[in-house]
Amino acid sequence: VPNNAVEAYRAAWTSYSDIIVGNSYANLVEVTLDALPSSSALAAEIGEANLGDVVKLKVSGTINSYDMMVIRNKMTRLRELDLEDATIVANDYEYYQGWHSEDNVFGGSFLRGTKIRSVVLPTTVTSIGSYAFYSCSNLRSVSNLDGVTSIGAYAFNGCSNLPSIDLPSSLNYIGNWAFGDCSSLTSIIIPEGVTTINERT
């Protein structure tokens with residue numbers, strides 16, 4: 001909607017307030033970042049006031065815990081996230097209870113419970129942490145899993161609208177209940193060579 005009418009629309013259509021955004025940020029926002037040691041490069045680049053209106057985000061460069069916190073907690077209307085050209089780097093700051101960024105890990109509980117619809121993983125990612133997409137009931141697509149060697153427990157649990165996922169030949173571990181309660185997932189092919197699959201995957 002027009003930028004000067006956002007609040008009026010949200011007040012009038014309260015049941016849709018979480019998806020109403022100003023037209024300046026309704027389209028794809030592309031940023032190139034160098035992760036900062038004690039703050040979010042993403043927030044600095046986009047501006048705190050604009051974070052809640054980003055719907056589609058493409059990130060290049062490096063991100064860490066501070067940027068992951070911004071994505072999961074402050075970009076409340078984010079629906080499409082493209083990290084293909086991004087690299088996740090380690091930082092001790094907790095982006096979620098007990099979780100912090102690690103090199104080349106799509107961290108545990110990173111997008112847990114968010115309304116994200118599609119995600120392109122970083123090309124450099126080798127692991128998807130436990131609960132990474134837990135209860136993301138709007139999730140329809142996760143791509144670029146080539147190179148992923150492990151998927152943690154409950155990683156996709158509760159992704160009830162995820163219709164399919166292509167698991168890479170590099171995969172060798174799937175944790176407990178990783179795909180539990182994925183009611184729209186009609187089939188999943190486990191690559192040859194997966195040596196550890198716990199019960200009730």
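**Strand pairing and surface**

Modeller: Glu30 stands opposite Lys58 in S2. Please bear in mind that this is a predicted model.

Biologist: Which strand pairs with S2 there, and is the sense parallel or antiparallel?

Modeller: Strand S1, residues 28-33, pairs with strand S2, residues 56-63, in the parallel sense, and six bridges join them. Between S1 and S2 the chain passes through helix H2 (residues 41-46), in a right-handed β-α-β crossover.

Biologist: And what is the bridge partner of Leu57?

Modeller: Leu57 has Leu81 in S3 as its bridge partner. S2 and strand S3 (residues 80-82) are paired in the parallel sense over three bridges. From S2 the chain crosses to S3 through helix H3 (residues 65-74), and this β-α-β crossover is right-handed.

Biologist: Where is the bridge partner of Ile63?

Modeller: The partner of Ile63 is Ile88, in S4. Strand S4 covers residues 86-88 and pairs with S2 over three bridges, in the parallel sense.

Biologist: Changing topic: which residues form the nonpolar patch on the surface?

Modeller: The patch consists of Val1, Tyr9, Trp13, Tyr16 and Ile19, which together have about 500 Å² of accessible area.

Biologist: Where does Tyr9 sit?

Modeller: Tyr9 belongs to helix H1, which spans residues 6-12.

Biologist: Why is Tyr9 classed as partly exposed?

Modeller: Tyr9 is partly exposed because its relative accessible area is 31%, and that class lies between the limits of 20% and 50%.

Definitions and conventions. Residues are numbered from 1 along each chain as its sequence is written. This is a predicted model: local features need pLDDT of at least 70, side-chain atom pairs count only at pLDDT 80 or more; totals for chains, interfaces and linings use all residues. Side-chain values use heavy atoms; hydrogens and water are left out. Patches are made of residues with over 30% relative accessible area and no salt bridge: like charges are joined within 9 Å, nonpolar side chains (Val, Leu, Ile, Met, Phe, Trp, Tyr) within 5 Å. Accessible areas come from the Shrake-Rupley method with a 1.4 Å probe; for residues, only the protein chains shown count as cover. A salt bridge is a side-chain nitrogen of Lys or Arg within 4 Å of a carboxyl oxygen of Asp or Glu. Helices (H or I, at least four residues) and strands (E, at least two) are DSSP runs, numbered from the N terminus. Buried means under 20% relative accessible area, exposed over 50%, partly exposed in between (1.4 Å probe, protein chains only). Two strands pair if DSSP finds at least two bridges between them. A crossover is right-handed if, with the strands pointing away from the viewer, the path from the first strand over the helix to the second runs clockwise.
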